[in-house]
Amino acid sequence: MKAKQILLCSFVFCFSLSCNSYKHGLSSENQITSEVQLGSVNNNVCKSLYGRVVLYVIFVDTKGTKPWSEYDITSSLDSIKKAMQWIKKKASENNKYLDIEIHYPENNHKIPIANDLPRKTLSETLFLPNFSAGLKAIQSWSDRIAVAAARTLPPDTSKIITTRNSLSDKERLIARLRDIYKTDNVALMYFVNNYYSDDLSVTFNIFSRTSIEYSIVSFKKPAIIAHEFLHLFGAWDLYITLGEKDKEAKERKVFAMKEFPNEIMAFSYRGIDSLDISPFTKYCIGWDKQLSQKYTDMILGKDIKPVKY
Ligand SMILES: [Zn+2]
């Protein structure tokens, strides 16, 4: 039983939630502001989950994971398509027009981009010797891959020449993709072909206004892919994440899990067809303009008032 629990936790462990989002609503004096933008609607590169969205998938070969075979890529693309079909179906049930195009770099029929993680697994890289060093290592790894991916794109014919020297490599890649596919909404996801059943899928920077948001996915399950994709558009984790210590925050998550027994942001280890998107997540991704008072109090506590979009 214990082993199973650990496995389930590791399947769905990701870093998108937040304490960060709470901090976002706190002023420098630690006073809670009157209205808080909970999700990341209209922030960063995944602006809003309607209209045209490009999902840019980068398959990465790294020393600690299994090399991507043609079969692995085809089956992962099938899972990615299934996840996106599910999200489009949910959008349509909520009267939102949503079209998701899936693209990936390909260079002379060669799809995976080789770039070794500094350590064998994603979790080792992220936590050793400590989280702050790990985070930096992951950011530069993902930037190096972004450079290689950008090289596979057609030549840049845009007349606008940027004079900003501070653009990161991921920013340059996203700018090119926005230009090529003519949409603001670009979801960037790195896929590694995982050997290990205990590695992570993670989403970074969704509340950042300066660093590009992106996910790294280690698993082929459609529900996990959809879960990370929804994070990019503002969804919160609604399960108790590893390392979450605050007792009241935990109780609020328990409430959310009871209230939304099929929620994708809580139970992504299940089959995607048994899952749904709760009113709380719909608010976070901008599908609902307002959050009901019941969920405001029970999930966020009384001090936080979510903004009406
Ligand atoms: Zn998550």
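Helix H3 passes helix H7 in a right-handed crossing; a crossing is right-handed if the near helix is turned clockwise from the far one by less than a right angle, and left-handed if anticlockwise. Helices here are DSSP runs of H or I with at least four residues, strands are runs of E with at least two, and both are numbered from the N terminus. The model is predicted, so local features need pLDDT of at least 70 and side-chain atom pairs count only at pLDDT 80 or more, while totals for chains, interfaces and linings use all residues. Residues are numbered from 1 along each chain as its sequence is written, and side-chain values use heavy atoms, with hydrogens and water left out.

H3 covers residues 70-93 and H7 covers residues 222-232; their axes come within 8 Å and cross at roughly 60°. That angle makes H3 oblique to H7. Angles under 35 degrees count as roughly parallel, over 145 as roughly antiparallel, 65 to 115 as roughly perpendicular, and the rest as oblique. The axes are lines fitted to C-alpha atoms, for helices over the stretch in contact, and the angles run from 0 to 180 degrees between N-to-C directions.

Which residues of H3 and H7 meet? From H3 come Ser79, Ile80, Lys82, Ala83, Met84, Trp86 and Ile87, and from H7 come Pro222, Ile225, Ala226, Phe229 and Leu230. Contact means heavy atoms within 4.5 Å. The residues of this contact divide into 10 nonpolar, 1 polar and 1 charged. In this count Ala, Val, Leu, Ile, Met, Phe, Trp, Tyr, Cys and Pro are nonpolar, Asp, Glu, Lys and Arg are charged, and the others, Gly among them, are polar.

The length of H3 can be checked. At 1.5 Å a residue, its 24 residues should span 34 Å, and the end C-alpha atoms are 35 Å apart, which agrees. The expected span is 1.5 Å times one less than the number of residues. Just after H3, Asn95 takes a positive phi of about 55°.

H7 is mostly covered, with 11 of its 11 residues buried. Buried means under 20% relative accessible area, exposed means over 50%, and partly exposed lies in between (1.4 Å probe, protein chains only). His231 and Asn205 are 26 residues apart in sequence, and their C-alpha atoms are 9.9 Å apart in space. Just after H7, Gly234 has a positive phi of about 115°.

Strand S1 (residues 51-61) holds Leu55. Is Leu55 buried or exposed? Leu55 counts as buried, because its relative accessibility is 0%. Leaving aside neighbours within four places in sequence, the contacts of Leu55 include Ile80, Met84 and Phe229. Ile80 and Met84 belong to H3 and Phe229 to H7. Other contacts of Leu55 include Ile100, Ile102, Ala187 and Met189. Tyr104 is 49 residues from Leu55 along the chain, and their C-alpha atoms are separated by 8.3 Å.

H5 passes H6 in a left-handed crossing. Gln139, Ser142, Asp143, Ala146, Val147, Ala149 and Ala150 in H5 meet Asp169, Lys170 and Leu173 in H6. This contact divides into 5 nonpolar, 2 polar and 3 charged residues.

Some backbone angles remain. Most residues other than glycine have a negative phi, and most peptide bonds are trans. A cis peptide bond joins Leu128 and Pro129, with omega about -5°; Pro129 is in the loop between helix H4 (122-127) and H5. In the loop between strand S2 (98-103) and strand S3 (113-114) is Asn108, with a positive phi near 50°. Asn108 is exposed, with a relative accessible area of 70%. His109 is in the loop between S2 and S3 and has a positive phi of about 65°.

Over the chain, the secondary structure comes to 10 helices and 6 strands. Buried residues make up 51% of the 309 residues.
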